[in-house]
Amino acid sequence: MRLVVADCAARYTGRLSAHLPRAVRLLVVKADGSVLLHSDGGSYKPLNWMSPPCSLVVGEPDADKVAAGVTAVWTVQHAKSDDRLVIDLFTVHHESTHDLGVDPGLVKDGVEAHLQELLAAQIALLGSGHTLVRREYPTAIGPVDILAKSPDGGTVAVEIKRRGDIDGVEQLTRYLELLNRDPHLAPVRGVFAAQEIRPQARVLATDRGIGCLVLDYDAMRGVDDVDSRLF
């Protein structure tokens, strides 16, 4: 990865036209060929960028640009379109190159598979006396995350999401329709479980007779001491 901190100006042409006036910015050239311009603000998002496949050519400025103080011109051309990013460099304050090696990628914590595993092991979160039938219970339209039995012998189908939205309620509704056709399972009650359930999803679930369960991931994995909370 090449990092350059420089006074620069940039022009983007192609599907859209954009212009960045002269200012000090961070230019990032990645091993995959992408080029990004960052300011010292705006969080993670670059001001402008070119995604691969593209090529970077460093050229000499013409007479007018030399007179304006430009020392080098970067031309970044996309390989499959007319999109072009031209960066005029004035003063370079820092330049370095770093070999970052192969990145293993982001490992998400608290994904649906983790929540499913934890809830299956702590099935009593559905209520005292509930027992696990199985995880990934198969149906004709896909597996239900958890199938359980309530203390009165009823069947409970649980759909698990990290963030519970209307789409998840709709998905569980379709599962319940199929499961309730099976005389060995019916009647089947639904529970929509998530770390966060949107208000609209909660209203829809309640309207359809589906229970809602908010999952505390840290508490479920023993990281958060619920008893020590002030609120």
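**Asp-99.** I began with Asp-99, which I found in the loop between strand 7 (84-97) and helix 2 (112-121). Helices (H or I, at least four residues) and strands (E, at least two) are DSSP runs, numbered from the N terminus. Is Asp-99 buried or exposed? At 75% relative accessibility, Asp-99 counts as exposed. The cut-offs I keep at hand are under 20% relative accessible area for buried, over 50% for exposed and partly exposed in between, with a 1.4 Å probe and protein chains only.

**A note on the model.** I am reading a predicted model, in which local features need pLDDT of at least 70 and side-chain atom pairs count only at pLDDT 80 or more, while totals for chains, interfaces and linings use all residues. Residues are numbered from 1 along each chain as its sequence is written, and side-chain values use heavy atoms, with hydrogens and water left out.

**The whole protein.** I noted five helices and 12 strands. The radius of gyration, taken over C-alpha atoms, is 28 Å, whereas a compact globule of 231 residues would have one near 17 Å. That globule rule is 2.2 Å times the number of residues to the power 0.38. Along the principal axes, the C-alpha atoms fill a box of roughly 85 × 45 × 35 Å. I also wrote down that 38% of the 231 residues count as buried.

**Val-28.** Next I turned to strand 2 (residues 18-29), where Val-28 is found. Val-28 is buried, with a relative accessible area of 7%. Which residues does Val-28 contact, leaving aside its neighbours within four places in sequence? I listed Met-1, Arg-2, Leu-3, Ser-34, Val-35, Leu-36 and His-38, where contact means heavy atoms within 4.5 Å. Asn-48 is 20 residues from Val-28 along the chain, and their C-alpha atoms are separated by 11 Å.

**Cys-54.** I found Cys-54 in strand 5 (residues 54-59). Cys-54 is buried too, at a relative accessible area of 18%. Beyond neighbours within four places in sequence, Cys-54 is in contact with Gly-33, Ser-34, Val-76, Gln-77, His-78 and Ala-79. Ser-34 was already on my page as a contact of Val-28. From Cys-54 to Arg-198, 144 residues apart along the chain, the C-alpha separation is 41 Å.

**Helix 2.** Back at this helix, I looked for its buried residues and noted Leu-115, Gln-116, Leu-118, Leu-119 and Ala-120. They pack against strand 8 (131-137), strand 9 (144-149), strand 10, strand 11, strand 12 and helix 5 (217-220).

**Helix 4.** In helix 4 (residues 199-207), the buried residues are Ala-201, Leu-204 and Ala-205. Why are they on the same side of helix 4? Because they cover an arc of only 100° around the axis, an arc taken from the directions from the helix axis to the C-beta atoms. Their cover includes strand 10 (155-164), helix 3 (166-179), strand 11 (188-197) and strand 12 (211-214). On the face turned away from the buried side I found the exposed residues Pro-199, Val-203, Thr-206 and Asp-207.
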